[in-house]
Amino acid sequence: MRHHLSSTAWTALALATIGSVTPLASARAQTEPQGQAQAQAQLQEEEPQPTDDIVVTARKRNERLQDAPLSVSAFSAADLRQGNARDFKDVLRKVPGVSFSGAELGQSRYSIRGVSTTSPSPTVGIYLDDISLLGVTNAFSGAADPVFFDFSRVEILKGPQGTLYGGSAMGGAIKYVSHAPELGKTTVDTAAGISSTAHGGVSYQGEAVLNLPLSDKLALRTGVLYRSNAGYIDNIANGAAVDVRTSTTAPPAALTPLTRPSLSTLTDKDQNSDHVLAVKAALLWQPDASLDITPSLFRQAYRQKNTGTFWTNLPDLQSSFRLAQPTDDDLGVYSLNMVKRLGGVDLTSLTAYVDRSVKFDRDYSFYIATLVPALYGVTSPNASNSTTKTFSQELRAASSNPSARLRWTAGLYYSHQRDELDQTVNSIGVGALLGTGTDTVYHGNTVSKLTQYAAFADLTFEIVPGLDATAALRYFHLKQTIDTRGNGVLNGGDTHGAAETSQSGVNPKFELAYRASRDALLYASAAKGFRPGGGNPFAVAPGQCQADLANLGLSSVPISYRSDSLWTYEVGSKNQFLDRRLTLNAAAFRTDWKNIQQNVFLPGCGFSFSGNVGGARIKGAELSSQFVVDGLTLGVAASYTDARISRSATGVSAKVGQPVLDTPKWIANANIAYHFPLGGDVTATARADYQYRSSSLRMFEDSFVVTTPTGPVSASNFTQRQQSYDVVNLGVLIDTGSWQVDLFVNNLLDKAPLLDHNVVSGIEGAITLRPRTIGLGVRRQF
């Protein structure tokens with residue numbers, strides 16, 4: 001049986017950094033005579049390169065990572081390929097200052113530097129080739145998670161990015177950058193892999209990408225990826241269902257959770273297996289040297305057989321649900337990007353359409369029983385379908401000379417988004433039991449529409465050689481409508497709610513950057529972040545949730561929730577020494593956040609609403625260092641974030657002094673890689689990395705209600721905090737020049753922290769990391 005990790009003290013990394021893992025350069029076949037001397041020369045060429053070789057587009061223009069006067073972490077294509085990294089969460093733990101909740105694909109909520117939320121509107125922007133993938137998140141869908149497939153890099157931008165990226169990037173942004181088609185070059189990249197997961201089964205994957213010139217002015221890049229991930233959670237029939245929200249004893253006696261058979265007849269080993277199919281195609285047409293026209297598409301279909309939730313009272317990662325709980329998540333991104341170069345100015349037009357649908361089936365039998373105990377023996381399936389459709393258009397002009405004294409970017413932006421959530425809960429047989437004539441105990445449909453207009457500009461002026469001043473501004477106007485309808489016994493009958501909001505404003509940013517030398521950069525910045533408010537039409541009859549509302553000091557659900565905003569102040573330094581073999585970066589920041597939007601759950605009636613919890617003050621620092629010498633690469637990274645509620649408000653459970661949710665105080669990692677020859681053209685790179693995350697607050701409520709024979713009482717909320725945990729990964733990459741073979745062990749120590757730990761259904765459930773996984777990947781380019 002696996003053991004859950006307790007709090008870990010690792011103070012040595014308090015002085016470490018946020019640097020990303022150094023890309024490991026691929027070996028290439030040599031034409032010279034072979035021998036040890038030639039192999040040594042090849043080894044020197046292929047040593048991991050310093051981070052200054054990474055080019056990023058964080059400010060929507062190309063620049064070295066070390067030249068960008070803001071905190072950015074970047075992972076190259078080589079980084080993303082190593083160790084069977086599947087999606088962003090597989091590299092997220094290497095990035096101090098970035099946290100998340102929800103471990104399953106498409107169910108995550110990301111936060112950066114303590115700007116964390118549980119409300120429907122995210123605080124971190126997510127972009128695929130500068131196209132926003134954001135929608136209104138809910139209990140049945142989180143952030144869109146593209147699988148790692150033919151990406152040239154992933155960039156993580158920390159701090160408010162609203163001037164260039166819009167209101168939902170108030171905490172930062174995650175950018176996925178695809179490989180573009182190449183003219184005059186035919187390549188075929190292929191890869192395959194297989195791995196075995198402890199307590200689970202065998203996973204496998206394959207992918208192929210073709211770059212094909214169709215003429216001297218036209219090139220196609222297309223590919224396909226298929227991945228099957230083995231499950232590791234077993235569902236057993238008629239297991240023990242321990243309801244911690246119901247006690248068979250009453251105070252002063254110790255509370256004794258009610259234990260009953262689950263009444264499940266479902267047996268399914270490794271039930272949380274999943275598979276994903278992704279396809280991409282991009283066509284580059286270059287009528288002349290000054291014009292690029294690139295239509296492209298990306299499609300991803302994700303299917304998970306069952307949820308990864310297990311019951312903590314059962315041994316060996318088991319559950320005993322009564323029903324299958326599949327998830328289908330389909331994402332489509334279609335775009336037309338046109339770039340016209342006019343001497344010193346580049347014009348860009350980016351037209352995009354994003355289509356996402358999530359079908360989410362869950363077993364609500366135990367959850368319904370917490371609301372109506374008499375229905376424990378009734379099976380209750382939940383079906384939730386959400387769709388997001390977004391059209392966007394951006395027009396942008398930018399100076400093209402990176403050495404000019406005045407460098408600028410300006411543009412216009414428009415988007416229209418429609419989100420719909422339809423949810424139905426049936427309790428089989430309840431219609432006959434209650435005489436209602438229907439088994440539907442709840443049905444809800446919510447449609448929200450958001451239209452945005454924006455104009456933005458970013459100007460950088462060199463005051464004196466080496467000293468740059470930047471001023472940026474984004475003006476926005478948005479309009480949002482929400483229409484919600486509900487019916488069913490648990491809804492209190494038919495209800496309808498509607499709300500409309502509109503808002504205009506500006507997001508400014510100011511920055512000073514001083515380059516003391518070629519390899520020393522100092523910067524200071526102040527930036528505003530913003531997130532729009534919205535309507536809160538609670539489509540439930542007024543009497544359904546009165547007890548929960550009274551506990552919060554409310555008589556009804558607030559009609560709307562306000563926008564929230566923040567200011568972040570940052571100072572930082574980026575430095576390289578020893579011919580750029582040693583990189584040392586540091587940043588310190590403070591954020592003042594007001595009117596924080598958070599989700600407020602009403603446990604007695606099972607509904608929730610969005611509210612403003614008051615304000616928060618966030619203080620933190622990040623350090624990073626990396627050293628490369630004689631084939632050896634050493635890197636350490638750490639962040640400290642102290643994010644606390646500074647003001648509370650009526651109607652929410654947050655208290656002054658409590659930490660902001662899902663924000664570890666310490667995040668750190670250390671990595672080591674050694675590159676050496678094996679003989680001839682063959683080289684190897686051995687690597688190891690260690691990742692640590694301290695504990696964090698998962699919910700503001702420090703107690704929950706337990707039903708006892710003498711009435712309800714409060715019990716300590718033992719799921720309130722996410723405990724600290726650490727992860728160790730190992731790997732060896734063997735490169736023959738034309739072939740690459742990657743041997744890896746992920747989660748070497750088989751750690752199983754309780755993630756998303758909760759008792760919402762009465763049953764104590766959680767998800768966890770993928771157990772120890774040993775695998776082999778092979779890559780070949782033709």
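**Strands, cores and contacts in a predicted model**

Strand S10 (residues 187–197) and strand S46 are joined by nine bridges and run antiparallel. Strands here are DSSP runs of E with at least two residues, helices are runs of H or I with at least four, and both are numbered from the N terminus. Two strands count as paired if DSSP finds at least two bridges between them. This is a predicted model, so local features need pLDDT of at least 70 and side-chain atom pairs count only at pLDDT 80 or more, while totals for chains, interfaces and linings use all residues. Residues are numbered from 1 along each chain as its sequence is written, and side-chain values use heavy atoms, with hydrogens and water left out.

Back to S46: Gly777 in this strand is the bridge partner of Gly193. S46 also pairs with strand S43 (residues 739–746), again antiparallel, through eight bridges. There, Asn746 has Thr773 of S46 as its bridge partner. As background, strands of a sheet pair through backbone hydrogen bonds, either parallel or antiparallel.

Elsewhere, five strands make up an open sheet with mixed pairing, and their order is S3-S8-S9-S6-S7. Strand S3 (72–76) and strand S7 (131–132) are the edges, each pairing on one side only. Within this sheet, strand S8 (residues 151–158) and strand S9 (residues 172–178) run antiparallel and share seven bridges. One of the residues involved is Phe151, whose bridge partner in S9 is Ser178.

Next come the nonpolar cores. A nonpolar core is a set of buried Ala, Val, Leu, Ile, Met, Phe, Trp, Tyr and Cys residues joined through side-chain atoms within 4.5 Å. Buried means under 20% relative accessible area, exposed means over 50%, and partly exposed is in between (1.4 Å probe, protein chains only). The largest core has 44 residues, and Phe88, Tyr110, Phe148, Val154, Ile156, Tyr176 and Val333 have the most contacts inside it. Leaving out residues up to four places away in sequence, Tyr176 touches (heavy atoms within 4.5 Å) a list of residues including Phe88, Ile126, Leu128, Phe148, Phe151, Arg153 and Val154.

Rings of Phe, Tyr and Trp (its six-membered ring) pair if their centres lie within 6.5 Å; planes under 30 degrees apart count as stacked, over 60 as edge-to-face and the rest as tilted. A search of the whole structure turns up 17 aromatic pairs. Trp311 and Phe366 are edge-to-face, because their planes stand at 90°, with the ring centres 5.4 Å apart. Trp311 belongs to strand S18 (residues 310–311) and Phe366 to helix H5 (residues 365–371), so the pair ties together parts 55 residues apart in sequence. Trp311 and Phe366 are both buried. Another edge-to-face pair is Phe704 with Phe718, at 6.0 Å centre to centre and 75° between the planes. Phe704 counts as buried because its relative accessibility is 12%, whereas Phe718 is partly exposed at 41%. Ring pairs also gather Trp311, Phe321, Phe366 and Tyr376 into a cluster.

Charges can sit over rings as well (NZ of Lys or CZ of Arg within 6 Å of the ring centre and within 35 degrees of the ring normal). Arg322 does this over the face of Tyr376, at 5.1 Å from the ring centre. Likewise, the charged end of Lys60 sits over the ring of Tyr165, 4.9 Å from its centre.

Last, the salt bridges: a side-chain nitrogen of Lys or Arg within 4 Å of a carboxyl oxygen of Asp or Glu. The count comes to 35. Arg153 and Glu155 form one of them, with the closest N and O atoms 2.6 Å apart, and both residues are buried. Arg779 and Glu207 are both buried. Asp234 and Lys269 also meet in a salt bridge (3.8 Å, N to O). In that pair, Asp234 counts as buried at 16% relative accessibility, while Lys269 is exposed at 57%. Finally, salt bridges link Arg59, Glu63, Lys509 and Glu511 in a network.
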